[in-house]
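Dear colleague,

Please find the structure below, handed over for your own work. My notes on its packing follow directly after it.

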Amino acid sequence: MNNDQREVWVVGHQNPDTDSICSAIAYAYLKGQTSTGVYIPKRAGDVNLETGYVLSVFGVDTPDLITDVNTQVADIEIRHTEPIRRGTTLKDAWAQMRTENIATLPVTNESGNLEGVITTNDIASSYMDVYDSTTLAKARTRYRDIRDTLEGEILCGNENACFTKGKVVVGSANPKIMEEFVDEDDLIILGSRYEAQLTAIESDACALVITGDASVSPDLVKLAQEKQCVLITTPFDTFTTVRLINQSMQVKYFMRSRNLVTFGLEEHIEDVQKVMSKERHRDFPVLDDDGKYVGMISRRNLLDLRRKQLILVDHNEKSQAVDGIDSATILEIIDHHRIGSLETIAPVFFRNQPLGCTGTIVRSMFIEQGIDIPSDIAGLLCSAIISDTLLFRSPTCTPLDEEAARSLAEIAGIDLEEHAKAMFKAGSNFGTKTPEEIINQDFKVFHTQNADFGVAQISAMTAVELDEVREKIKPHLRETMSSNGISMVFVMLTNIMDEVSYLQCCGEGANALVEDAYGVELSGEVYELPGVVSRKKQLIPKFISALQK
């Protein structure tokens, strides 16, 4: 796949809201219509009830979840070295290594599971370190493998049988001396001398390898058959035969099958580099999630990393981005929030407008590029604007947001008021949600010089619903602080119809911050903030200003 056809993920922030999900889907569609490449919407967290309702209404699939975008083994070039079986001979393994100019071969079974690896060093050891004349038998070498390695012919005997008991002997001495060192079940390498061949067979050798393409008399073949002795002829001379015969052993006898260093497709490159630095191997097998062999990688492959490519929508703060964002290549950012702390490797296309919703920006880009908006995409963008502006009640809402929503509603064929009520009702159905799920459905972390804090916003149609939620989540606020590594947490309990928020606080200094920012006093267990319905425009700026004082 060339660079133009690589996947680009369009993704919103963690704990995504309706704008984050819908804008990602819509912008991925727009990019697919106007650019080369493959643009895929993703999500960095669970879809909340409101967003799930919206996707269902317009028949759009929920984007796949991504938990981090660190560069993984799957992102680098993996060399597919054709695997061999454990029954492959050393000769065939060596031939494949020479042909492909590689130093390591994977050994797999018929199902594709990795059983071991064999390297050029392992094969070299079979030449240099094997002095035991019984090694061929210990390796249970098949006679047909001996024949194939020596490019010979089996004159008699079972080619599928194995040499399992004796030693390998070179029958270069005269017959009288041979009788002294040839034992039962030995394999004898010898030339064309009839007397030597006869002595070897009568000594109950299990196999004879006759070199130099020497002819064998019919009576010797008959005697060998009677004695169940395998006769193999080879065109090679005795010296060459002795050199080659060890190559007939199967790789299973020499391969490494224990403590193998392998990597999975999902493993982070950073972790892979640490492991490789401690190992002396040149090549390492890569396995998929089912343990199946995929290919090989080496240190050289790590020099050409293909970072994941992203387009961020509805956020530009590192604390809100998917994990591993520093390892990814950010191509574009489409947002309507304040400029945050995110840094990029290279210059990017960055569109940031002070509007109530990212969906409004995406809709404008459709118009600017002359692309018709399909009805389902229009429905998603309209829903995003409704959600982010609380149907135009939020102070973040601009005339352009309202104009965009009404135009999109017409394309989608929906009634704004009725659709908004259904959305908000679906979003405030908290009965089946755990406290953690309720808090995290729209939760953002903010980092300042003086404090790190998180703010969740929970919207509902009635005060009764908000009271029930407040009691449900209260015991879990400290856990939220701990899991996010922050010192304060705030929950905006927003009554959509009455346009008021009740602020629930936890953490040292949290109450003082609210009182400094708004000049209000605690009412029961919450601070009542009439007219405050926007976290972005009405809460965060006040908090940051108070912290700076």
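Setting aside residues up to four places away in sequence, Phe424 touches Glu50, Ile386, Ser387, Leu390, Leu391, Met461 and Ile496, where contact means heavy atoms within 4.5 Å. The model is a predicted one, in which local features need pLDDT of at least 70, side-chain atom pairs count only at pLDDT 80 or more, and totals for chains, interfaces and linings use all residues. Residues are numbered from 1 along each chain as its sequence is written, and side-chain values use heavy atoms, with hydrogens and water left out.

Nonpolar cores

Phe424 also belongs to the largest nonpolar core, which has 50 residues; together with Tyr27, Phe366, Ile377, Leu380 and Ile386 it touches the most other members. A nonpolar core is here a set of buried Ala, Val, Leu, Ile, Met, Phe, Trp, Tyr and Cys residues joined through side-chain atoms within 4.5 Å. Buried means under 20% relative accessible area, exposed over 50%, and partly exposed in between (1.4 Å probe, protein chains only). Among the elements that each supply at least two residues of this core are strand 1 (7–11), helix 1 (18–34), helix 13 (375–389) and helix 15 (416–427). Helices (H or I, at least four residues) and strands (E, at least two) are DSSP runs, numbered from the N terminus. A second, separate core of 30 residues includes Leu105, Leu187, Ile232 and Met249.

Aromatic pairs

The count comes to 7 aromatic pairs. Rings of Phe, Tyr and Trp (its six-membered ring) pair if their centres lie within 6.5 Å; planes under 30 degrees apart count as stacked, over 60 as edge-to-face and the rest as tilted. The rings of Phe453 and Phe543 have centres 5.9 Å apart and planes at 75°, so this pair is edge-to-face. Phe453 lies in strand 20 (residues 452–460) and Phe543 in helix 20 (residues 535–548), 90 residues apart, so that the pair links distant parts of the chain. Phe543 is buried, with a relative accessible area of 0%. Phe490 and Phe543 have ring centres 4.7 Å apart and planes at 50°, and the pair is therefore tilted. Phe490, in strand 21 (residues 488–495), is 53 residues from Phe543. Phe490 too counts as buried, at 0% relative accessibility. Phe446, Phe453, Phe490 and Phe543 form one aromatic cluster.

Helix contact

Tyr194, Gln197, Leu198, Ile201 and Glu202 in helix 8 meet Asp219, Leu220, Leu223 and Ala224 in helix 9.

Yours sincerely
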